[in-house]
Amino acid sequence: MQVLITCLLSGFVFSQSSKISITELPDWIQPVQFENADEALEKKAGSFLYLLVDNQDHIPQQKSFRHRAYQIFSSQGIQDAGDITIDFDPEYQDIEFHSLKIIRDGKTINKLYLKDIQTVQRESNMERHIFDGSLTAIVNISDVRVNDIIEYSYTLNGYNPVHKGKYQNTYYLDFSVPLGRLHTEILTDRPIHYKVFNSELEPKISNRNGLKSYAFDILQPKTVDYEDNVPSWYDANSYVQFSEYTSWKEVVGNYEPYFRVDHATRNFLQQQLANDFFEPNEDSLTQILRFVQDDIRYLGFEGGLNSHKPSDPKDVFERRFGDCKDKSLLLAELLKTQGIKAFPVLLNSVGGQEITEMLPSAKLFDHCIVQVQTDEGVRYIDPTINNQGGYLYSTYSPDYKYGLVMSNSSSEIVKFPSNESKPVEIFETIHVEDIGGDATMNVSTTYYGSNADARRSEFSDSSLESIQQNYLDYYRLMYPSIEADEEIIFDDFRGENKIIVTESYKIPGFWSPSPENDQIIQADFYPLSLDSYVFPSENTNRKMPFYLNDELNINHNIAVILPESWNIEEDEVNISNKNFQYNYEVSGSGKRIDISHSYKNLSAFVAPEDYSAYVSDIQEIQKNLTYSITYNKGLGDSIATAGISWPSVMIIAIALFAFSFLCYKVYYRYDPRPELDPRVFHRPIGGWLVLIAIGLCVAPVVMLVQLFQTPEYLGPATWELWRTGNPGMTLFILFEMIYNCGILVFGIFAAIVFFKKRTIAPKVMIVYLAASFVFLLADTVIALSLMPDYFTPQEESEFYGETLKAFFRAAIWIPYFLVSKRVKETFTVTLKDESEPLETAEEEVLIPLE
């Protein structure tokens, strides 16, 4: 269809030669000269530099004069600016060329010849299915050289009759490229309004040739450099708007008649709807909407009057295509046949946020939708969006900010309601098959509203194979080896406007080596859905607003199922400001880890003065994006090694002998005298000492079993750790093994002197209790520091519990052995007393004195 249209329009081009002529400069023109670029201006230039931009409009004659001059500075400049292109609409415009010349080394070379002017139909909006019928006059300038100055002028005759002679236009007063001189002048014979934006400049108002002149003449206007990611509506350039309208009601009065239809058209539409148009048991209003959105093709011919005047709805219904105005008027009229009040609404799809600051003008609008009035309120529907879900009153409409209703009762701009977006719900379940091996990932994503509409269009417009490939490419940013396991499943709940996409993948080689130590492997979990939104430019000296999608709302949940229990440290982070809110949470136990990220924008842009704080908060988010678990491969291999380690057996034997020898020496060399006379105080073990006695009987047995049942002690694991690059762990296990041998021997020694009631028993017990606590504390701290991810929360709790028990035992019994009278009266036996049993002292008999 597009090829046929293009061919027909191209044939029309060759009949337009009468629309182009060469004439003398009009006498109403104010001559404006350019000056050669100075050194400072040349430094700002690229491949070429504009020396003059001159715009002069004669409103009574409906003429627009254009005068340009620019200098070429490189071969690329010859390529970029070696020809002239001028667009015009042959339906109401023609072009008069006045001059075209090259100025080279102070000499002027004429380049204006009618035979060199070609006319083509380019249709720059063809990809948007819009044909405006405009033509382009092209002059390819021959023999252009570096340092040449090209100067040309022409006049466009005729204004679009759709505006009924009302003048409305906007001119920029500076640009994003350097410029030598800017001249803009409006000549009028009737009242006109103007407004200057982003500048303190004011036009010079004077009378010329019986007309009022509004002129700006600016030498080297400022150059505006735009920062990255500014909102589409934001305009940092200075500009002036002219308009003959005094109110929006005037604008409505001028264009609303174009949106009226006659009785014949309404009767036709009524008849069409009566002829089996509706499906039974379905909402008729929604069927009308879907018909206009999906069955009426978006295609427009917008030349001349059609730029602002819609086609008759009867024609649109029959030919099954139309532009935004055509589809909006058709939808409004079809709804009116069902007793619904509906009206087309003009709006600006890009700069709608600023429209209330502008002078009333129809040229501000580039799009048309429909306002639907019901008892429940007012809704806005965009009939150019296809594949939408929901019902008539729940269908999503973009937030275009403001619009002008084409109703004879309309007199002001209306504000569109903002959208409350439901979050995109993403649930990833990752099953890790084995440590260091592969994994599988299942993803279920639920979309609502505009996100559901976008996915519906995606699956409608593309093959499942191409979508699958796109999804794979997306996940390969995180998992390069990922493979599709099953075909994507697309479930569409169109009435609710909800879509669920289910995916299944295999991830070979899920684990990766740590950059610091190849014996440590890690698995990373990352919310790819947030990746595009949390890495802004870090330029904190920002002068322009930073764009945000105020409908962005994502909940990304990751469930990790591991092959064994893991040490999971719970965490929660909440970051909130005027621009967004973010929540992060890690929880779980045993083999499962749950990671959730929730992100929602709260505004449509970040103000420049808030950008530094915004970046700072975003950087806090970045710290939580990647959740990693690590595994010491060398440690794991060592623990898995079976067998007996004879070096370990030898070390245990030596340690037992050394500690036994030490206890032997203490037993026979340290024999303090009792504090009380053993002949008087020689009490049996009783009272609270019974509990100590029981503990001393049980402790050596427990320690002996633990020593010989711990695989790291007698197995080859300890030496495998040394070989695989974990000397710290090897030394720690050896220390633990030797210390346990000491505690075992010392516990037996303490039991012996305790039950013999030796005088050294209290001090031996104090040392035994203190050493037990210190060892357990050191053992816990070192183990959790060397292997933070190896122990489960339950095991960590057990470590801390045992250490705490040892502390309380020491805190209770050490003071008891230091101050207890029972202890002093019980432990009174010396080494000498062991071979000579104590005799009970005879009772002293007191003889009374006479």
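In what order do the three strands of the open sheet with antiparallel pairing that contains β30 stand? The order is β29-β30-β37, and the pairing is antiparallel.

## About the model

This is a predicted model, in which local features need pLDDT of at least 70 and side-chain atom pairs count only at pLDDT 80 or more, while totals for chains, interfaces and linings use all residues. Residues are numbered from 1 along each chain as its sequence is written, and side-chain values use heavy atoms, with hydrogens and water left out.

## The sheet of β29, β30 and β37

In this open sheet of three strands, the edge positions belong to β29 (512-513) and β37 (627-632), each of which pairs on one side only. Strands here are DSSP runs (E, at least two residues), helices are runs of H or I of at least four residues, and both are numbered from the N terminus; two strands pair if DSSP finds at least two bridges between them. Strands of a sheet pair through backbone hydrogen bonds, either parallel or antiparallel.

Strand β30 (residues 520-525) runs antiparallel to β37 and is joined to that strand by six bridges. A523 has I629 of β37 as its bridge partner, and Q522 stands opposite T630 in β37. The residues of β37 are divided between two faces, with Y627, I629 and Y631 on the covered one and S628, T630 and N632 on the uncovered one.

## The sheet of β11, β16 and β13

A further open sheet has three strands in the order β11-β16-β13, again with antiparallel pairing. Because β11 (168-172) and β13 (193-197) stand at the edges with a single partner strand each, one side of each is left without a neighbour in the sheet. From one strand to the next the twist averages 15 degrees, where axes are lines fitted to C-alpha atoms (for helices over the stretch in contact) and angles run from 0 to 180 degrees between N-to-C directions.

Five bridges connect β13 with strand β16 (residues 239-243), and these two strands run antiparallel. Within this pairing, the bridge partner of Y194 is F242 in β16.

## Cysteines and helix α14

The structure holds zero disulfides, a disulfide being a pair of cysteine sulfur atoms within 2.5 Å. C741 is buried at a relative accessible area of 0%, whereas C697 is partly exposed at 47%; buried means under 20% relative accessible area, exposed over 50%, and partly exposed in between (1.4 Å probe, protein chains only).

V698 lies in helix α14 (residues 689-709) and, with 45% relative accessibility, counts as partly exposed.
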